[in-house]
Amino acid sequence: MLRKSKIKLFIFIVLWTFCGDASCNKDDSTTEGNERPKNIDEYNQCNEGLKDYYTPDDYFYMGVAIPPSFINNQEKINLIKRHFNSLTADNSMKWSSLQPTEGNFDFTDADKIVAFAQTNGMKVRGHTLCWHNQVPEWIFKNGEETASKEQVLNRLRTHITTVMTHFKGKVCAWDVVNEVIDDGSSIYRSSQWYNICGEDYIFEAFRAARAADPDAKLFYNDYTAIDPAKRDKIYDLLVKLKAEDLVDGMGLQGHWNIEYPPTSLIIQAFDKYKSLGLELQITELDVSVYTSNSEPESLYTSDLALKQAVAYERFFIAFRNYKNNITGITFWGLADNYSWLDKFPVAGRKNYPFLFDENYKPQKAYFVVINF
Ligand code: G3I
């Protein structure tokens, strides 16, 4: 399978070499695949980017998750504006950022990202209203005691209502609830939310979100959402949410690697989620160059670049095949100089998960992704 893809990619590269100059005029660059940049020189001669090749009308919004500091840096701004028409705050809209202590909301960082998106005509995906991580301890406390279920649910409703009201009309989709399904044999993750409230907090979160902004698209978001056992548990939850008309979309995070997941699992998951009439979004795409925690750190060799291009090509073929169901693809980072994968799952092991390198130049995978 991998070998076949490699051969295909090789033929591709040879063809590019003999194709002559790519035209980058606005009139013709967004139509025919064979007129798109195929190397760095051609890339430098034009202005088009991912969002121009994957237009929302024909394909999906192309998004990127960023911290607010990125919009102080001209090189990053240029790259963001060239390629993306949707933004997500990587941390600034999480509970611990927005309401670190009870009743004290701080929208400063999140507002910067939203303002930048608005100025540049980009959509914003909100991430995330209810998660077990980056969540302050006070939610679950009543003095020294554990808070009651009603107290926790009230805090959840207040948080969601306040945040979504603040961003009403500016954030078009929200990851309302994030990562609540268990990776093992239980149905739900054993979090403080679950231990105090049972599954009710999930439904209360979606109800509060629906009431706060009926125009926003509401998503459930999770990782390894293509794994069959986890997928089926997520599906069961979505069925219940859908029965109350509380959910509009399924967010598959897409923290994948150069070998995993196989296309079959991606397709089976897309089919299953879309059968509920939900929008699909890939919400946190990055493609690790490592396939296990035990692999030692590597330089970004041409072999890895090729393997990564093959993987990205495979994933984007699947995305394009589901373009009627997928409404957005968001990368969980902009370029290889900043990724959570440098710290996880192996702290300090440099990773290269994106389409752009540490100097914001497109990688081989970029050319494969745009030449279709
Ligand atoms: O802000 C503090 C800073 O004050 C402190 O000095 C520094 C010391 O390490 O930590 C900073 O906080 C870090 C934060 O990112 C902001 O950079 C946290 O330690 C660090 O744990 C946190 O990591 C984030 C991670 O979620 C937390 O689980 C990553 O940036 C973020 O990319 C990652 O995103 C998640 C999605 O929300 C959900 N899906 C999985 C994805 C990857 O884990």
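Let's start at P345, which is found in the loop between strand 11 and helix 14 (364-370). Helices here are DSSP runs of H or I with at least four residues, strands are runs of E with at least two, and both are numbered from the N terminus. A cis peptide bond joins F344 and P345, with omega about 0°.

Before going on, a word on the ground rules. This is a predicted model, where local features need pLDDT of at least 70 and side-chain atom pairs count only at pLDDT 80 or more, while totals for chains, interfaces and linings use all residues. Residues are numbered from 1 along each chain as its sequence is written, and side-chain values use heavy atoms, with hydrogens and water left out.

Now the overall picture. The chain has 14 helices and 11 strands. Its C-alpha trace spans about 70 × 45 × 40 Å along the principal axes. For 372 residues a compact globule would have a radius of gyration near 21 Å, and the chain agrees, with 21 Å. That radius is taken over C-alpha atoms, and the globule rule is 2.2 Å times the number of residues to the power 0.38.

Back to F344 and P345, then. Both are among the residues closest to the centre of the largest pocket, together with H255, W340 and L341. A pocket, on a 1 Å grid over the protein atoms alone, is an open set of points with protein on both sides within 12 Å along at least five of seven lines; a cavity is a set where a 1.4 Å probe fits but cannot get out; and lining residues have an atom within 4 Å of a point. Points are joined across faces, edges and corners, and a volume is the space filled by probe spheres set on them.

How much space lies in the largest pocket? About 890 Å³. Its lining has 12 nonpolar, 17 polar and seven charged residues. Here Ala, Val, Leu, Ile, Met, Phe, Trp, Tyr, Cys and Pro count as nonpolar, Asp, Glu, Lys and Arg as charged, and the others, Gly among them, as polar. Strand 9 (255-257) gives the largest share of that lining, three residues.

The second largest pocket holds about 230 Å³. Of its 14 lining residues, Y61, K123, C172, E279 and Q281 lie nearest the centre. Strand 11 contributes the most, with four residues.

There is also one cavity of 30 Å³ or more, and the largest cavity has about 40 Å³ of space. T224 is one of the residues that line it, as are D222, G254 and W256. T224 is not a glycine, yet its phi is positive, about 40°. You'll find T224 in the loop between strand 7 (217-222) and helix 11.

That takes us to helix 11 (residues 228-243), which packs with helix 12 (residues 263-274) at about 10°, axes 10 Å apart. Axes are lines fitted to C-alpha atoms, for helices over the stretch in contact, and angles run from 0 to 180 degrees between N-to-C directions. The two helices are therefore roughly parallel, a label for angles under 35 degrees.

Methods: Angles under 35 degrees count as roughly parallel, over 145 as roughly antiparallel, 65 to 115 as roughly perpendicular and the rest as oblique.
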